[in-house]
Amino acid sequence: MKFTQAIKMAFSSILSNKMRSFLTMLGVIIGVTAVITLIALGQGSTQRVSSQIESLGTNLIIINITGGRNRSVTQEDLERIKSMPGVSEIAPVLSGGVTVKAGNKNTNTSLEATTPGYQEVRNTHVQLGRFLLQNDLDMRFRVAVIGVDVADELFGRRDVVGEKISINGVEFSIVGILEEKGSSIAGSDDNRVIIPLTTGQRLLRNTEVRTFYLSTQSPDVVNQVVAEIQRFLTRKFNDENSFRVFNQTQLLSTINEATTTLTMMLSGIAGISLLVGGIGIMNIMLVSVTERTREIGIRKAIGAKRRDILIQFLIESAVLSGLGGVLGIMLGFVGVSFLSRILNIPAAISAEVVLLATGFSVGVGVIFGLYPASKAASLNPIDALRYE
Amino acid sequence: MIRLENLSKIYKMGDNKVVALNNISLSINKGEFVAIMGPSGSGKSTLMNIIGCLDVATEGKYYLDGRDITSYNQNQLAEVRNKKFGFVFQGFNLLPKLTALENVELPLIYAGVGAKKRREEAIRTLEMMGLKERIHHRPSELSGGQQQRVAIARALVNHPSVILADEPTGNLDSKSGMEIMQIFKELHSRGNTIILITHDINVARYARRLITIRDGQIVSDEEVEMQ
């Protein structure tokens, strides 16, 4: 018997019992929809996080001092690190949450106290006014560079250079407005205030700087510089657990790992519903074989071989399941475009996922159809003909 | 063409043995019209199933066209059924969801005949049965006599060596039954080999040779006069 003939036969059998076929497919439809939607959303958010991290610059190194009180990095140490080969700029950062006020409006924002080098290291520039200068640090000027969100929130406009704001009750004058960056995983990059390090140490009542951003001359030397700094700090603190040095690549792979695990877990759960769908198909195929015992007997009497019957029922369950898969993919497209709009995650269904889902659902049909089909194929023609 | 030698069929039911056929030897030649008669339980259906390769004997030999098919496996038997035999059953045994045409096409599908040729052959055979106007009807839309004619068309379409009919008139009124028997007579006169299983002597009379079977053994085998 020819393959196309078998497919035609499967379709006519499925169509002759529409309601039952649909209900049987439902399990596969839901499973495939869930898998597709979750993978697409997972990949979408991973991609967005990755591109955000990459936009921070791939030549960035972050040093965190985590050890006890006496583990502080002196100015001398900083000079030492800065003079290492490949290092371009270093910026110590002291950060904290503050309340900013102007007139009768106030907002909570994050404050970073740093040096002029920050501009280069973090690739952060002003669109209006100026950034911090060494003089601001030396003189402990109360000047601030603010993000556009802060300006919008407090003044309702952005050309606010020269205006006064009060940070935790201390008056500062605005000298610059940052370029707009958009939001990231850590919240909005535009909702922040940058002030001179020395001023910040006094404002936050904290002189101990524990975070340093460092940029290298090129992305190629990042690993080499990281190793160099690790060696230096290990020698200094005599304890390699009291600090952490990491770069964007590491951060990226950590986040990728986390989101991949999450996606896998969610798709695993969705995969279980595919499995349940497969069991539903097996169940209905067994019923179908019993109902059609007589048909099988007639076909065998007429000359159908074991293989013909086996293939007929296998194709029927594969088509049933595959059709469910196709419907699931279509529903997945609807679900993804709906959810990505609601959750504001850029998600796209990749061709591989579609192929995978189709293959998987057909595979489920074949695997779960195997037992009913072989049961049908091994029926004895005489018994089958006698079956009422 | 068909030669059975010392054929026995024994069913085991638990510890009991039921002998359905007991040492049957029989030859049927090409072009014969044979009726096998006997009361129910005599073993005539078992004999037909074995001749038609739906079942295999416990002992003895079965030669079909000079070839020993006693040891054929299920697939080989399926092929023999497809190529050599056409079955006509008491209950018609048409597939209810297929049209008359599709039902008649089935044996050709399993024989691997291409779609176009299949269709032509099926239509031709149905026309021969006088069902030209009914080829797209489903069995439920046909009368009993028409259904049995579709079944005969299905039996004939693959040009089998032997037509095996098991009580073909059993489910029909007497008028339709006579029509069906006329068709068999006609087919015989065109040279087809026909084996008819029945318990009705009026039906058996259409045949030219009458074999009577009782308790699994042949009790008589005689020529029948032309009616």
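In the predicted model, R205(A) is placed in the loop between α7 (197-203) and β11 (211-216) of chain A, where helices (H or I, at least four residues) and strands (E, at least two) are DSSP runs numbered from the N terminus. Although R205(A) is not a glycine, its phi is positive, at about 50°. R205(A) is exposed, with a relative accessible area of 76%; here buried stands for under 20% relative accessible area, exposed for over 50%, and partly exposed for values in between (1.4 Å probe, protein chains only). A positive phi, near 55°, is also found at N123(A), again a residue other than glycine. N123(A) belongs to the loop between α4 (118-121) and β4 (126-129) of chain A and is partly exposed, with a relative accessible area of 41%.

This is a predicted model, in which local features need pLDDT of at least 70 and side-chain atom pairs count only at pLDDT 80 or more, whereas totals for chains, interfaces and linings use all residues. Residues are numbered from 1 along each chain as its sequence is written, chains are lettered from A and ligands numbered from 1 in the order in which they are written, and side-chain values use heavy atoms, with hydrogens and water left out.

Several helices of chain A can be described by the burial of their residues. In helix α6 (residues 148-155) of chain A, the residues V148(A), V150(A), A151(A), L154(A) and F155(A) are buried. These residues lie on the same side of α6(A), because they cover an arc of only 160° around the axis, the arc being that of the directions from the helix axis to the C-beta atoms. After α6(A) comes G156(A), with a positive phi near 75°. In helix α8 (residues 222-237) of chain A is found F237(A), which counts as buried at 7% relative accessibility. F237(A) and V73(A), although 164 residues apart in sequence, are separated in space by 9.7 Å, C-alpha to C-alpha. M19(A), in contrast, lies in helix α2 (residues 18-55) of chain A and is exposed, with a relative accessible area of 57%. Together with F22(A), L23(A), L26(A) and I30(A), M19(A) makes a nonpolar surface patch of about 480 Å². Patches are made of residues with over 30% relative accessible area and no salt bridge, like charges being joined within 9 Å and nonpolar side chains (Val, Leu, Ile, Met, Phe, Trp, Tyr) within 5 Å; accessible areas come from the Shrake-Rupley method with a 1.4 Å probe, and for residues only the protein chains shown count as cover.

In chain B, helix α4 (residues 115-128) contains E121(B), which is buried, with a relative accessible area of 17%. When neighbours within four places in sequence are left aside, E121(B) is in contact with L108(B), V157(B) and H159(B), contact meaning heavy atoms within 4.5 Å.

In the salt bridge of R210(A) with E208(A), the closest N and O atoms are 3.5 Å apart; R210(A) counts as partly exposed at 24% relative accessibility, whereas E208(A) counts as buried at 13%. In chain B, the side chains of K61(B) and D68(B) meet in a salt bridge (3.4 Å, N to O), K61(B) being partly exposed with a relative accessible area of 36% and D68(B) partly exposed with 26%. A network of salt bridges links R292(A), E295(A), R299(A) and E316(A).

The size of an interface is often given as the accessible area lost when the parts come together. Between them, chain A and chain B bury about 2000 Å², of which 59% is on carbon and sulfur atoms; buried area is the accessible area (1.4 Å probe) that two parts lose on being put together, summed over both. To this contact chain A contributes 23 residues and chain B 23 residues. The count between the two chains is 1 salt bridge, and the side chains of E79(B) and K305(A) meet in a salt bridge at 3.1 Å, N to O.

Key
Salt bridge = Lys/Arg side-chain N within 4 Å of Asp/Glu carboxyl O.
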